[in-house]
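Biologist: I would like to learn how to read a structure. Please take me through it feature by feature.

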Amino acid sequence: MGLSTDAIHAGQKPEPITGAVMTPVFQTSTYAQDGIGEHRGYEYARTQNPTREALEGCVAALEGASHGVAFGSGTAAIHAILQTLNGGDEIICTSNVYGGTYRLFEMVLRRFGQRFHFVDTSDLAAVERALSEKTKLLFVETPTNPVLTLSDIKACAELAHGKGAKLVVDNTFMSPYFQNPLALGADVCVHSTTKYLNGHSDMVGGIVLTNDDDLFASLKFLQNAAGAVPGPWDCWLALRGVKTLAVRMRQHDANARQIAAWLAERKEVKKIYYPGLASHPGHALAKRQMRGFGGMISFDLGSFAAAQKVVKAVQIFTLAESLGGVESLISHPAMMTHGTVPKEIREELGITDGLVRISVGIEDVEDLQNDLEKALDSI
Ligand SMILES: *Cc1c(COP(=O)(O)O)cnc(C)c1O
């Protein structure tokens with residue numbers, strides 16, 4: 001089946017008692033059992049929930065995975081992957097990874113003895129140098145936030161496998177509509193469903209996808225044993241959101257392409273980051289491993305004062321963290337999402353005080369452009 005069909009049907013069948021076409025919200029903590037040791041596959045809702053299973057089956061199909069395991073947040077999903085490893089294990093991770101991933105690795109898991117090396121994974125020679133026989137996991141985020149650096153998934157998979165390590169790719173920014181890491185050789189794909197998969201900014205969740213049966217068994221065990229499960233209502237919201245993934249992603253991409261091309265010509269914009277622009281260092285790779293460029297754009301206005309003016313002047317774009325919803329958002333990474341990263345490191349990564357990030361929504365593109373035009377004129 002094509003992705004648009006799977007987004008609507010995979011993992012879902014009419015509910016057997018009433019024939020309800022849409023998967024119900026199974027808002028229950030427990031299930032009646034027919035006799036001692038006799039149940040219908042459902043015992044307790046941390047362990048099994050039909051609404052959650054429908055979401056897992058649906059997103060697994062979109063990523064070409066045989067298994068999906070859902071969690072209460074993208075961060076919990078990433079945590080579960082790391083919980084399949086042991087203390088003392090070594091992990092190599094993209095250097096400008098999502099801030100919450102960095103915090104989880106450095107401020108939580110390091111205390112339990114896992115060792116992390118942060119490397120610019122867009123540089124394959126650097127990845128090769130960092131990998132050793134002790135490496136258990138290569139964790140890649142592509143494109144990254146907020147400067148949209150791309151890493152070559154296929155090449156990273158080959159390098160990791162050469163050392164007996166597994167490759168995990170955080171595919172949140174592209175969604176399965178534009179990029180499928182497992183098809184490019186990754187062993188595990190992870191999403192914050194909070195973003196494009198749900199797409200309506202009304203829940204928080206995460207999901208892990210894999211074709212590796214042993215890893216699936218470990219993740220399934222951890223979903224129950226560590227217990228970071230999503231509630232059925234949030235699973236239902238994500239499941240409903242996923243149905244329109246294809247049409248939403250096409251519009252996010254079309255709007256962002258037009259806005260990026262227009263922003264690139266504006267004198268107020270000193271530097272722009274969008275993989276769809278030929279000026280982007282990852283443009284050729286983007287065309288190779290992605291089917292579109294997505295809805296995220298970052299641009300440097302040269303100073304904090306200019307950034308401050310723009311975020312205050314916009315009226316359709318809302319100043320807020322997060323991304324991937326139908327509504328357009330604007331943020332200031334240096335003070336918002338990357339506030340805890342030391343200034344020297346921020347500057348090195350391109351996260352200057354003048355950098356502004358937009359999550360281009362699916363409103364009328366003319367309205368979005370007019371909104372940004374008025375804001376740039378206010379500088
Ligand atoms: C938001 C995000 C996460 C974390 O997901 P939560 O659902 O907020 O826990 C991880 N990776 C990326 C790329 C994200 O954008």
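Biologist: Is Y31 buried or exposed?

Modeller: First, the ground rules. This is a predicted model, where local features need pLDDT of at least 70 and side-chain atom pairs count only at pLDDT 80 or more, while totals for chains, interfaces and linings use all residues. Residues are numbered from 1 along each chain as its sequence is written, and side-chain values use heavy atoms, with hydrogens and water left out. Buried means under 20% relative accessible area, exposed means over 50%, and partly exposed lies in between (1.4 Å probe, protein chains only). Y31 has a relative accessible area of 15%, so Y31 is buried. Y42 has 23%, so Y42 is partly exposed.

Biologist: How are the rings of Y31 and Y42 placed?

Modeller: A pair of aromatic rings is described by the distance of the centres and the angle of the planes. Rings of Phe, Tyr and Trp (its six-membered ring) pair if their centres lie within 6.5 Å; planes under 30 degrees apart are stacked, over 60 edge-to-face, and the rest tilted. The count here is 7 aromatic pairs. For Y31 and Y42, the centres are 5.4 Å apart and the planes at 45 degrees, so the pair is tilted. Both residues sit in the loop between helix 1 (3-9) and helix 2 (50-62), 11 residues apart. Helices (H or I, at least four residues) and strands (E, at least two) are DSSP runs, numbered from the N terminus.

Biologist: What kind of pair do Y274 and F293 make?

Modeller: Their ring centres are 6.3 Å apart and their planes at 70 degrees, so this pair is edge-to-face. Y274 and F293 are both buried. F105, F116 and F139 form one aromatic cluster.

Biologist: Which residues touch the most other members of the largest nonpolar core?

Modeller: In soluble globular proteins, nonpolar side chains tend to be buried together. A nonpolar core is a set of buried Ala, Val, Leu, Ile, Met, Phe, Trp, Tyr and Cys residues joined through side-chain atoms within 4.5 Å. The largest core has 84 residues, and L167, I259, L263, I297, F299 and I358 touch the most other members. Helix 10 (residues 245-264) gives the largest share, 8 residues. Domain 1 (3-242) and domain 2 (246-377) both contribute, so this core lies between them. Domain bounds come from an automatic or database domain assignment. A second, separate core of 24 residues includes L104, F105, F139 and V188.

Biologist: What separates the centres of domain 1 and domain 2?

Modeller: The separation is 26 Å, taken over C-alpha atoms. The contact (heavy atoms within 4.5 Å) takes 33 residues from domain 1 and 38 residues from domain 2.

Biologist: At what angle do helix 2 and helix 9 pack?

Modeller: Two packed helices are described by the angle between their axes and the distance between the axes. Axes are lines fitted to C-alpha atoms, for helices over the stretch in contact, and angles run from 0 to 180 degrees between N-to-C directions. Helix 2 and helix 9 (residues 232-242) pack at about 35 degrees, with axes 8 Å apart. Among the contacting residues are L55 of helix 2 and W236 of helix 9.
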